Amino acid sequence: MKESILVILVFLLFQGCIEPFEAETLDFEGALVVDARITNEEKQHQVVLTRARPFEQDDSSPERNATVTIEEGSGISYTFEETSPGQYTSTVAFGAKSNESYQLKITTSDGATYSSTAETMPDNVPIADIEIKRATNDFGEDGVSIILDNESLGDQPRYFRYDYEENYKIVAPNWDPVAFNIIDSLACVDGDAFEVGIKQRDPQKERICYGQDKSKDIILVSTANLDNNTVSDFEVRFVNRENYILTHRYSILVNQYSQSVDAHSYYQSLEAFSVSESVFNEIQPGFLSGNITSMTDDDQNVIGYFETAAVSSKRVFFNYEDLFPDEELPEYPVNCRTLGNPRLIPRGYHCTEGSRGVCDGNCDSPLIGQIQAGTIVYAGVVDPPDFVAPYLTRSRACGDCTVLGSDVKPDFWID
């Protein structure tokens, strides 16, 4: 008994000594953050400027009213104008030329100037092939592997960064040709109760949609340590077969960026920071120096890297049945099996006798409230008829695919 009491007292003592730890940033600088890259694509390029924020602050602050230019080694200067807060877009479309140098220059509204080192545009290396195949990943999950190959790249080592955009077809499993029509949503008007009917829907709307996701991870490859200097069987993306984005038709656009060795090294360091699971682990996310420096204050840190990268892109399509013939489709991400039956007339609804428009009871219709909030769709009528709760409903995504995507078909889409 004495030992038990002693253990309890020690436990309570330690519990009393534990205080919540609220981490905060000390002596925060508000350093300039630069997101800038140009490619060989003929387009209007963008530079994004913000101020770094303490991690306890949710939003970063855009850097407004800066002067941004990119100077080509040949003497051509490209001017950027602020098209939205902190986002600067080149006034003309241009594509960076291979083996030409480019330098980013920034002047902020307070007169501070910043400049990158001169960066040379690498040669473009086209993607040779993208293969789609059924595979099992390292965790034993069945799914789809997107594999990239490049042919021989010559004698010099190559450095690549990849990102992708995936698009997929979504079909609302319980789309119905009719929808709710709110006729009377005001309590106690003319002594009538609430009223909801149905109306016809546009058959071209909200039935078939197209979703989109973009890669968030840093994906890097180097041939520096490869015998034949060739990228082969490199997995850019793995999608678990239970992921609903594969259900009908799926497409992925893979972008390959040919990088300089310095840019590759910077992204490697950035990747090492980003995979840290805790601020207290072995890799401490400190300041990562890039190729942009302050020209007015040597002690002023700048976060970011001005990158010149030659990009090659390739898109592929496939259907779920191409890889999983006669197999069960992935489950829709929303529960559509459960039917709702919200009340049109709320419990305790009552209108003051002889007083037009005066409700002295429960004056909110659950059915109308959910319709107006856009959380439900029509699923049928109650049988036998019920004036108080006349309709069956489902979650909106079951009959309206625009919850998960857009019902406008992308221009590049091929059925």
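How many of the 10 residues of strand E18 (residues 249-258) are buried? Nine of them are, so E18 is largely enclosed by the rest of the structure.

**Figure 1. The whole chain, as a predicted model.** Local features here need pLDDT of at least 70 and side-chain atom pairs count only at pLDDT 80 or more, while totals for chains, interfaces and linings use all residues. Residues are numbered from 1 along each chain as its sequence is written, and side-chain values use heavy atoms, with hydrogens and water left out. The chain has five helices and 22 strands (DSSP runs numbered from the N terminus, helices being H or I with at least four residues and strands E with at least two). Of its 415 residues, 40% count as buried (buried is under 20% relative accessible area, exposed over 50%, partly exposed in between, with a 1.4 Å probe and protein chains only). Take the contacts (heavy atoms within 4.5 Å) with a separation of 6 or more: 69% of them come from residues 24 or more positions apart.

**Figure 2. Strand E18 and its two antiparallel pairings with E12 and E20.** Strands pair here if DSSP finds at least two bridges between them. Strand E12 (residues 159-171) runs antiparallel to E18, joined by nine bridges; look for Asp163, whose bridge partner in E18 is Asn255. With strand E20 (residues 302-319), E18 pairs over 10 bridges, again antiparallel. Here Ser251 has Phe317 in E20 as its bridge partner.

**Figure 3. Glu307 and Arg37 in a salt bridge.** A salt bridge puts a side-chain nitrogen of Lys or Arg within 4 Å of a carboxyl oxygen of Asp or Glu, and the structure holds 18 of them. For Glu307 and Arg37, the closest N and O atoms are 3.5 Å apart. That pair links distant parts of the chain, with Glu307 in strand E20 and Arg37 in strand E1 (residues 32-39), 270 residues apart. Glu307 is buried at 0% relative accessibility, whereas Arg37 is partly exposed at 29%.

**Figure 4. Arg241 and Glu327, a salt bridge between two loops.** Their side chains meet at 2.7 Å, N to O. Arg241 sits in the loop between strand E17 (234-240) and E18, and Glu327 in the loop between helix H3 (320-323) and helix H4 (366-373), so the pair ties together parts that are 86 residues apart in sequence. Arg241 counts as buried at 17% relative accessibility; Glu327 is partly exposed at 28%.
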